[in-house]
Amino acid sequence: MAKGGAPVQGVFSSAVSLSVTTIGAGVLAIPSLFEQSGIYFVFLVLIAVAALTVLSIDYLVLCVDHLNLKSYEDISRELLGRSFEEAIRWVLIVYSVGIAAGYVVVVGEIVTPLIPFLHSFVPFLSTETHVVFFLWFLLMMPLSCVPQINHLEHMSLVAISSTFLISGAIVYRYYYPFSPHEKRSTDYAYFPLSSKALVTLPVMFFSFDCQSLVFSLYTGLTEVTRSAMTKVTTLSVTITGSVYFIVGYFGYISNTPHITGNILKNYSPLSDNLMMTSELLYTSTVMIAYVLVLLPCRDAVFILMYGYSTTTHDQRHSSISYRQILIVSVVLSVLSFLLALKAKSIVFLIALLGSVCSSILCFLYPAAFRISLHVRGIKSCTPLELFAAWLMMLIGVVGGIVGTIVTFKHL
C-alpha cells in the first residue's frame, strides 16, 4: 500500500489508468482536426504536445520530490506566491465548469438524431434544448449534488469502457460501413490550407490535459521515483496519442468532407444499431463524467469560501452542511448548463478551454515551477534544460493567445 492507504500500481497499470482518465470528449473532436488541418499537420502537433506533456509532468514530479507538496495550489503558493495560488484555483474552477458545459453540449449533439424517436413517447421532447434540459434537470444536476464522490467512483469503469466502445465503433464502421455501397471521398488533406488549422493546437492542449491527475498517481507507484514516473508518462501519452490518431484518422477518412465538429454527428443511430448502442452508452458516460468533474470543483469553491472543503475539514473546522453543498452544487450545475446553451459546438468549447485553461495548467505553471526551482537553488538545471522550460512557457503563452483568437474567428 502507498502512503495514505492507496493501492500501489506498477508502471503499466499506472500508464493505463492515466490514459483512460485523459481520453474523454476531446476524442470526438479529433477527426474534425484532420478535416481542417491535414493528416501530417495534426500528427506533428500531436507528437509535439505529447512530448511537452511528458516534460511538464516531469517538472511537477520534481516539485513533489523536492518540496513534498502534492497540488497545483500548494506548489504555486510555495514557489510563486499566494496570488498565483488563488489564480490557479480560479483557473481550475473555470476549467471544471467549462468541461461540464462541454459534456452537456455532447449530450445535446448525441441525442439530436434521436428526437423523432423520443418525441413519439414524450411529446415535450421536441427540440434539442428540451431533451438536454430534461436529462440535465432529472439526472445530471441531482447527481452532482451528492455529498461525496465515493458514491459514484464505482461507475467510472463503465465510463471508461464506453469511451473505448465508441472509439472502436468508429474504426469498425470504416472497415464495415453501414451502407456497403456508399461512396467515400479519397481527396484527403495532408497539410493545412488556412489559419483555421491553428485550432489544432488548443484542441491538443485540452486532449492531453492530465497534469492535475499526476500527484495522486505518482505517490501510488510501486517505485516512487522520477524515472519510474517518466516511464509511466511516456507509455501513457503513447497510448493516448495512438487512440487519438486512430480514431481521428479513421473517423476522417470515413466521413470526409462532411465532418463539421463532433464526429458522432456523421452517423445515423436510428438506423445503425451499433452506433445507437454505442452512443447511448457514451451518453451515460458523459453524464457520469459531468458529475465527477463538478464534485472536485465544488470542493475548490468551498476552499475559496472557507479555507477547507468537504474532503479536507477536520476537528478544527465545522462540517460543511448539506444545505451548503446543495446550494453550491446547484449554482455550478446551472452555470454549466447556461454556458452549454451559449456554446456554438463541442469543438468550440474544447478549443476555448484548451486556449484559456489547458495552456496555463499544462505548460505555463509547470514551466514556471521548473524555472523557480532553478532560480531558488532548490534544483538546478543545465542551460539546455532551462531553455526547454522557457520554450514551454513561450509555447503556452503563444498557444493560448493564438488559440483563443483563432477559436473565436473560425469556430
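Below we chat about confidence, salt bridges, a helix, a cavity and some backbone details.

User: Anything I should know about how the values were made?
Analyst: This is a predicted model, where local features need pLDDT of at least 70, side-chain atom pairs count only at pLDDT 80 or more, and totals for chains, interfaces and linings use all residues. Residues are numbered from 1 along each chain as its sequence is written, and side-chain values use heavy atoms, with hydrogens and water left out.

User: What is the mean pLDDT of the protein?

Analyst: The mean is 86, and 92% of the residues reach 70 or more. pLDDT is the predictor's confidence in each residue, from 0 to 100.

User: Where is confidence lowest, and where is it highest?
Analyst: Helix α1 (residues 11-22) is lowest, with a mean of 81, while α3 is highest at 95. Helices here are DSSP runs (H or I, at least four residues), numbered from the N terminus. Where pLDDT is low, the predicted coordinates should not be read in detail.

User: Now charges. How many salt bridges are found in the whole structure?
Analyst: The search finds 7, each being a side-chain nitrogen of Lys or Arg within 4 Å of a carboxyl oxygen of Asp or Glu. One of the 7 pairs arginine 226 with aspartate 58, with the closest N and O atoms 2.8 Å apart. That pair links distant parts of the chain, as arginine 226 is in helix α11 and aspartate 58 in helix α3, 168 residues apart.

User: Is aspartate 58 buried or exposed?
Analyst: Aspartate 58 is buried, at 12% relative accessible area, whereas arginine 226 is partly exposed at 33%. The cut-offs are under 20% for buried and over 50% for exposed, with partly exposed in between (1.4 Å probe, protein chains only).

User: Switching topic: why is helix α9 called largely enclosed?
Analyst: Because 7 of its 8 residues (the helix spans 200-207) are buried, α9 is largely enclosed by the rest of the structure. Among the buried ones are Phe205 and Phe206.

User: Which residues line the largest cavity?
Analyst: Phe206 is one of them, along with Ala25, Ile99, Gly102, Tyr103, Ile346, Leu349, Ile350 and Leu353. The largest share, 4 residues, comes from α14. The volume of this cavity is about 40 Å³. A cavity is a set of points on a 1 Å grid over the protein atoms alone where a 1.4 Å probe fits but cannot get out, and lining residues have an atom within 4 Å of a point. Grid points are joined across faces, edges and corners, and the volume is the space filled by probe spheres set on the points.

User: Last one: where is the cis peptide bond?
Analyst: The cis bond joins threonine 256 and proline 257, with omega about 5°. Proline 257 sits in the loop between α11 (226-255) and α12 (273-306).

Notes
Helix = DSSP H or I, 4+ residues; strand = E, 2+ residues; numbered from the N terminus. 1 Å grid on protein atoms, 1.4 Å probe; cavity = no way out; pocket = protein on both sides within 12 Å on 5 of 7 lines; lining within 4 Å.
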